[in-house]
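This briefing goes through pockets, cavities, strand pairing and ring contacts in one protein model. Please keep the structure open while reading.

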Amino acid sequence: MDPVDTARRAVPDRHLRAPLAGPVPRRFLIGAALVWLAMTPALLLFYATITPNPDQALFDYIGWISWQGGSYYADAFEINWPAVFLVHELGQRLFGAVPWAFRVFDYLVLLGVCAGVAWFLVQAGLARAAVLFALIYPPLYVTAGGWMSGQRDIMVGGLAFIALALALPRGRGDGIALVAAGAMLGLIVLIRPTWLALLALLLVAEVIGAARPSIRRGPAVAALAGGAVAVIAGAVGLGAASGTLRDWWEQAVLFVILDYRGTSPRLELLGTLSEVFLSWWHWPVALGLAGVVLWGASWSRIDAISRRALLLTLGVLGVVLLSYGVMNKGFQYHLGGALPVFVVWMCVLLDRTWSAAEGGHPRRMTAARGLLAGCAVLIVAGLGSKFAGFSPRSVDGHTIGAQGIDAGVALPLNQDARMALVDWIRAETDPQDRIFQWGWNYQIVQLAERLPSTRFITTPVIAGLNPRMPFHDDWVEEAAADFANHPPAVALLERAAVRTHTLPLETHANAPILLQLYVDRLNAGDYDIAFTFDDLLVLRHRP
């Protein structure tokens, strides 16, 4: 007996495609489309004004270095995995080295995520939820906070739903779709390697789940795994061809194991989780949990695809929590991948409540309509409070003159001062001049479009270099040679990094090894302090 024919009889197409809720009313669909068309450019303009956080500015700088012909890791030290740099590089290649390049590119990715989630929900028989997600998630995403929106975790949380949509059974064409799903999972792993757990989850689902009508289990597993392996192997091949594979291994694997492992106490992790879920996202979480309970309560009445979709969303939340625990840092944005899950569940609640309000017992219809109205009020009020929480960027009127400012006067380093400093660097240095930065002011050096004096640019991380590491001596020697071969025309140092704020500079007793080396080189060179900000010193090499 042909096992494929057996699978078709066991899971007939009409059962696979049975809807969970009613169709989307034409008037609502037209109204939603008009709202979406008006909302999308407005949200894009709003999102583009949000200053990149230091992580994103760092990745922008690495992407810009690659754009100029450099290589990840070999020319820009960093412990993250390469696909995140590629995302930031693509933004700059499309829009240039401007402050809003990544935000705009990330918003385009967000639109793709919304399309993927909508497809996922439509396949699960939740067409109304699909439309509602496209209306609710974008404003919630762009107001999630500068340290949440655009970060790796919330990004892969959205991309995961594209992989899930591709991986759902559809009756035909499953083989190609599974390869594409695997490829998306491979990309996700190259952004956040802890999400390899999602690939494992989907492989297990293929092994123990209901048989697909169009492809056997073995080929289905091979297609899913093959897509992921192809993408990851392609990245490894590019690393080997460019000679950066060893640099990636030393920085993104060995250095992380030796110095950058998370050490947060479990109670601190739970505290951060409570803060994000119960304070930051209290209403999406509350409505989402109600939605997943309602979805689960419909188990006996829903079709095979909707059941699988429900289980996969639970699996995504499990991967988010697993990744958060494995990284063990206690950073709020490490939970970002949970937001699309809760919004999906929230939209399921609205979808099912909408269906209940259309027919059945009169009391049930009245209760459903009341619940639907209450949810709508809560969502509108919640989104309104999110937008109200964003205050306009402060403008203090400070400008930077060519003659500099008294080193004893500390100016606030707000966004206007950063942009003025960028203009000053461009005016006072040549494009081939090098720049040095110790701290988190990556946006300045990236927008100034000056290459670094040394590849060890992620200074808060490289500060952990110590003599016990096998590459310590080589890296210190390389850093010294870099400074000798490419002395910076301008150097930026966070004031907290040094004990004195006038020349000669003095480091703290326990200063990182490379910081001591750099300060010694600056003291020995012909440098003057050009500007003093409240948390930044700017040094200029004498012409």
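Leu492 stands opposite Val538 in strand 4. The model is a predicted one. Strand 2 and strand 4 (residues 536-541) are paired in the antiparallel sense, over five bridges. The points below start with the strands, then turn to the cavities, the pockets and the aromatic side chains.

**Strands**

- Strand 2 covers residues 488-494, and six of its seven residues are buried, so the rest of the structure largely encloses this strand.
- Strand 1 and strand 2 run parallel and are joined by five bridges.
- Within that pairing, Ile435 has Val490 of strand 2 as its bridge partner.
- Ile435 is also one of the residues that line the largest cavity.

**Cavities**

- How many cavities of 30 Å³ or more does the count give? The count comes to three.
- The largest cavity has a volume of about 90 Å³.
- Its lining consists of Tyr61, Ile435, Phe436, Gln437, Tyr442, Val445, Pro452, Ser453, Thr454, Phe456, Ile457 and Thr459.
- Two elements, strand 1 (434-438) and helix 19 (442-448), each give two or more residues to the lining of the largest cavity.
- Strand 1 gives the most to the lining of the largest cavity, with three residues.
- By class, the lining of the largest cavity has eight nonpolar residues, four polar and no charged.
- The second largest cavity holds about 60 Å³ of space.
- Around the second largest cavity lie the lining residues Asp106, Val109, Leu110, Val113, Tyr137, Tyr141, Ile154, Met155 and Gly158.
- Helix 6 (101-123), helix 7 (127-142) and helix 8 (152-167) are the elements that give two or more residues to the lining of the second largest cavity.
- Helix 6 gives the most to the lining of the second largest cavity, with four residues.
- The lining of the second largest cavity divides into seven nonpolar residues, one polar and one charged.

- The largest pocket has a volume of about 730 Å³.
- There are 31 residues in the lining of the largest pocket, and Ile79, Arg192, Val256, Tyr260 and Met327 are the closest to its centre.
- The elements that give two or more residues to the lining of the largest pocket are helix 4 (54-67), helix 12 (245-259), helix 15 (304-327) and helix 20 (459-462).
- Which element gives the most to the lining of the largest pocket? Helix 12 does, with four residues.
- The lining of the largest pocket has 19 nonpolar, six polar and six charged residues.
- The second largest pocket has a volume of about 510 Å³.
- Of the 21 residues that line the second largest pocket, Tyr72, Pro82, Ala235, Leu238 and Gly239 lie nearest its centre.
- Helix 5 (82-95), helix 9 (174-191), helix 11 (217-242) and helix 12 each give two or more residues to the lining of the second largest pocket.
- With seven residues, helix 11 gives the most to the lining of the second largest pocket.
- The lining of the second largest pocket is made up of 15 nonpolar residues, six polar and no charged.

**Aromatic pairs**

- A search of the whole structure finds 33 aromatic pairs.
- One of them is Tyr47 with Tyr141, an edge-to-face pair at 6.1 Å centre to centre and 65 degrees between the planes.
- This pair links distant parts of the chain: Tyr47 is in helix 3 (residues 26-48) and Tyr141 in helix 7, 94 residues apart.
- Are Tyr47 and Tyr141 buried or exposed? Both are buried.
- The ring centres of Phe331 and Tyr333 are 5.7 Å apart and the planes are at 25 degrees, so this pair is stacked.
- Phe331 is partly exposed, with a relative accessible area of 30%, whereas Tyr333 counts as buried at 8% relative accessibility.
- Tyr47, Tyr107, Phe133, Tyr137 and Tyr141 are linked into a cluster by ring pairs.

**Charges over rings**

- Arg128 places its charged end over the ring of Trp354, 4.3 Å from the ring's centre.
- Lys329 lies over the face of Tyr260, at 3.6 Å from the ring centre.
- Tyr260 is also among the residues closest to the centre of the largest pocket.

How values were computed: Residues numbered from 1 in each chain as written. Predicted model: local features only at pLDDT ≥ 70, side-chain atom pairs only at ≥ 80, totals over all residues. Heavy atoms only, no water. 1 Å grid on protein atoms, 1.4 Å probe; cavity = no way out; pocket = protein on both sides within 12 Å on 5 of 7 lines; lining within 4 Å. Points joined across faces, edges and corners; volume = space filled by probe spheres on them. Nonpolar A, V, L, I, M, F, W, Y, C, P; charged D, E, K, R; others polar. Buried < 20%, exposed > 50% of the residue type's maximum accessible area, 1.4 Å probe, protein only. Pairing = 2+ DSSP bridges. Phe/Tyr/Trp six-rings, centres within 6.5 Å; stacked < 30°, edge-to-face > 60°. Lys NZ or Arg CZ within 6 Å of the ring centre and 35° of its normal.
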